[in-house]
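Dear colleague,

My notes on helix packing and salt bridges follow it.

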Amino acid sequence: MLKHIYLRIMNVQKALKNKKITEYNKNNKDDNKIKQELSCFTNKLYDENVKHRKINENKNDYKKINFECNLNKNLNKTENIEKEQQELSKYVLANSNDFINVTNRNRENEQAYITYQSYLLNNKNDNYEKFYMNTKLCEEMNKNNLNDDFNKNKSLYNSINDNANLDDNLKFILNYSSIQVIKSLNLNYNYINCKDFFMSLSLICNQLAIHKFDNKKFWYILSIKLTDILKLKDIYKTFCIRWLALILNSFARVNILNKNFMKTSSKFIQHYKNEDIHSFDISQIVNSFSKLNYIDSSLFIFLEKFIYDKIDQMSYQSISNICNAYSKLDLKFEKLFFILSIRIKKDTDKFNEQEIANIINSFSKLSKIDFDLFNKFLQHIYIKFYNFKPIEIVMITNAYSKCNIYNKCFFSHLFSYIIKNSKYFHPAELSILANSYAKFNLREIKVFEIIKKGIIKKENMLDSGNVAMLLHAYGKLLIREEYFILNLLKKKSHLINLLDCRNLTLFYVSLIKLNIDIPIHIYDNLKLNIIKKLNYFTDLALVSICYSSMFYKYFDIRLISLILILLNKRKANSRSFSHQIHVSLFVLHSLYDFYKFSLKFLICLYQLLNRASSYFNKPNYYDINKSTIQKRISPFIPKKLNIQSEVAIGPFVVDFLLLNKNTHEQYIRNHRSIK
């Protein structure tokens with residue numbers, strides 16, 4: 001029964017395809033026919049023009065006499081035509097307005113012919129050929145114009161009706177198929193326990209998914225029924241991996257996830273009695289689990305050994321799917337990706353655009369970057385650059401920026417591509433592009449203008465992560481689009497509560513870098529969320545927040561003290577940490593008398609300084625942007641203090657704590673007994 005239903009779906013699908021093909025061929029045929037007729041007609045006119053030119057050159061006198069005769073004939077002819085037209089018009093008015101237009105056109109053509117003869121007599125110049133050609137064209141077009149319009153409208157009407165009927169038939173059959181599938185699964189298991197049934201079931205599911213049949217109730221009931229079937233004893237004898245792989249792929253296509261069904265499917269695959277699994281099935285299974293974000297590490301480890309054995313037999317799409325799926329796992333599959341990279345490098349020119357994007361994106365997520373693979377793909381990316389879809393270009397750009405691989409030629413191509421295809425980018429894609437440009441400090445104002453326009457139109461489609469990336473890009477490149485950013489902040493302020501620690505850091509630090517007057521309620525909400533999630537931030541994120549908070553508009557001693565105490569508790573230590581803590585402590589010293597701090601806080605500052613001081617004498621310690629630090633610190637410097645604004649070895653930072661280190665040590669020693 002299910003096999004018969006599947007064949008019905010395929011017949012309707014074929015009818016739709018054939019209809020499209022015939023329409024395409026008919027259009028091409030009509031175009032060719034028109035071109036042929038037009039070329040024949042123009043050739044004919046050209047031959048006639050040549051003849052008339054010869055007659056004009058050799059028999060000018062004869063032409064004058066002949067013209068007078070022709071003129072009289074034409075006048076008589078027009079009189080006769082007018083009489084006929086008067087009689088005809090009575091009939092035409094009763095039937096159709098279109099015929100009135102035809103008669104008017106004929107009258108105009110006759111008058112045009114007469115004016116043409118008089119024009120020839122008076123002027124005797126080379127414009128004769130052009131005028132003659134125009135009159136002929138008018139006559140031919142008037143004959144065919146009405147019929148052509150009617151035929152075109154008729155064919156268009158018929159084709160629309162046919163397509164609508166076919167679409168309705170397909171929808172009807174898809175609904176009917178879904179009902180019959182559920183009915184069949186409600187039958188006694190002995191009636192459906194055969195290979196043909198499960199094969200037909202998987203093929204129908206695949207067709208339903210292809211045609212985006214997204215009835216959630218149907219897919220949910222189907223998943224429950226299949227879960228029960230997969231648990232039956234000896235089910236592997238009739239239900240093979242291929243059919244399960246197709247069904248899983250169908251669920252992935254319509255994005256319906258039933259965790260219990262996925263878990264049962266995973267167990268079924270791992271305990272499948274037939275030891276061999278085809279490479280296509282492996283690709284389908286891992287791709288389905290990946291798309292649905294249901295990562296079963298035991299299943300992926302189980303399938304790994306089959307990939308090693310069948311890697312040379314795999315299609316390029318299968319390799320792309322496997323790379324994409326395994327890159328989403330937290331587990332490290334270094335051996336697998338090494339073997340995959342060898343296979344990929346042999347045939348880098350054979351992969352299509354989507355496969356290239358998936359592979360590069362997958363390899364960018366690995367801890368160890370394969371620079372050779374990225375460089376080999378570059379030349380093939382250049383060749384196919386304008387064939388990529390916007391999402392694929394974004395994936396490739398993001399992958400190269402993640403791996404910190406900058407190529408001037410690539411960004412030159414990207415600039416042209418963005419300008420050419422700006423209207424096709426999704427707002428989320430634009431935010432990723434902005435972030436990639438910021439990664440390499442590329443301040444392309446035209447690109448950011450396109451990004452701004454694209455986001456203004458569809459800003460409702462941005463999520464919290466996209467907004468954070470955008471602000472990070474604008475902040476890092478110091479592009480102060482104040483109106484755009486404030487407008488975005490006001491409309492997306494509710495997303496602040498949804499930000500994770502990483503995006504919250506980007507949000508906060510970027511806004512302060514841009515030196516924009518943030519509405520007070522948005523700033524307070526940012527601080528509140530930072531304090532709530534303080535223990536979940538990384539050391540580097542906390543240092544960045546503390547460093548940014550030294551700016552005089554956003555200085556908050558409570559937030560700063562909480563961060564510094566937590567950093568000291570974690571024993572934070574790095575070169576970047578030492579830079580930013582050094583500056584932060586200097587600002588604190590400029591504003592406050594350290595002797596007024598509590599002993600606990602003072603010990604905290606002392607320990608932070610000791611860890612930071614271990615980096616002061618190391619090479620490249622001062623290799624940071626001078627002007628940024630100078631601008632950030634200068635508002636806090638006491639006016640009475642005479643400080644050298646710049647030193648030869650790097651940015652101006654007064655080593656106040658180093659100079660007064662002994663004083664602080666003495667203070668702590670004297671108050672050691674105080675709790």
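Is the crossing of H16 and H18 left-handed or right-handed? In this predicted model, the crossing of H16 and H18 is left-handed. The axes of helix H16 (residues 390-402) and helix H18 (residues 427-439) come within 9 Å, at a crossing angle of roughly 30 degrees. Angles under 35 degrees count as roughly parallel, and H16 and H18 are therefore roughly parallel to each other. On the H16 side, the contact is made by Pro390, Ile391, Val394, Thr397, Asn398 and Ser401; H18 contributes Glu429, Ile432, Leu433, Ser436 and Lys439. By class, this contact of H16 with H18 has 5 nonpolar, 4 polar and 2 charged residues.

Turning to the salt bridges, a search of the whole structure finds 11. In one of them, the side chains of Arg242 and Asp281 meet at 2.4 Å, N to O. This pair links distant parts of the chain, with Arg242 in helix H8 (residues 241-254) and Asp281 in helix H10 (residues 279-291), 39 residues apart. Arg242 is partly exposed at 28% relative accessibility, whereas Asp281 is buried at 5%.

Lys345 counts as partly exposed at 22% relative accessibility and Asp372 as partly exposed at 37%, while Asp370 counts as buried at 18%.

With kind regards

Definitions and conventions. Residues numbered from 1 in each chain as written. Predicted model: local features only at pLDDT ≥ 70, side-chain atom pairs only at ≥ 80, totals over all residues. Heavy atoms only, no water. Axes fitted to C-alpha atoms, helices over the stretch in contact; angles between N-to-C directions. Helix = DSSP H or I, 4+ residues; strand = E, 2+ residues; numbered from the N terminus. Parallel < 35°, antiparallel > 145°, perpendicular 65-115°, else oblique. Left-handed = near helix turned anticlockwise from the far one by under 90°. Contact = heavy atoms within 4.5 Å. Nonpolar A, V, L, I, M, F, W, Y, C, P; charged D, E, K, R; others polar. Salt bridge = Lys/Arg side-chain N within 4 Å of Asp/Glu carboxyl O. Buried < 20%, exposed > 50% of the residue type's maximum accessible area, 1.4 Å probe, protein only.
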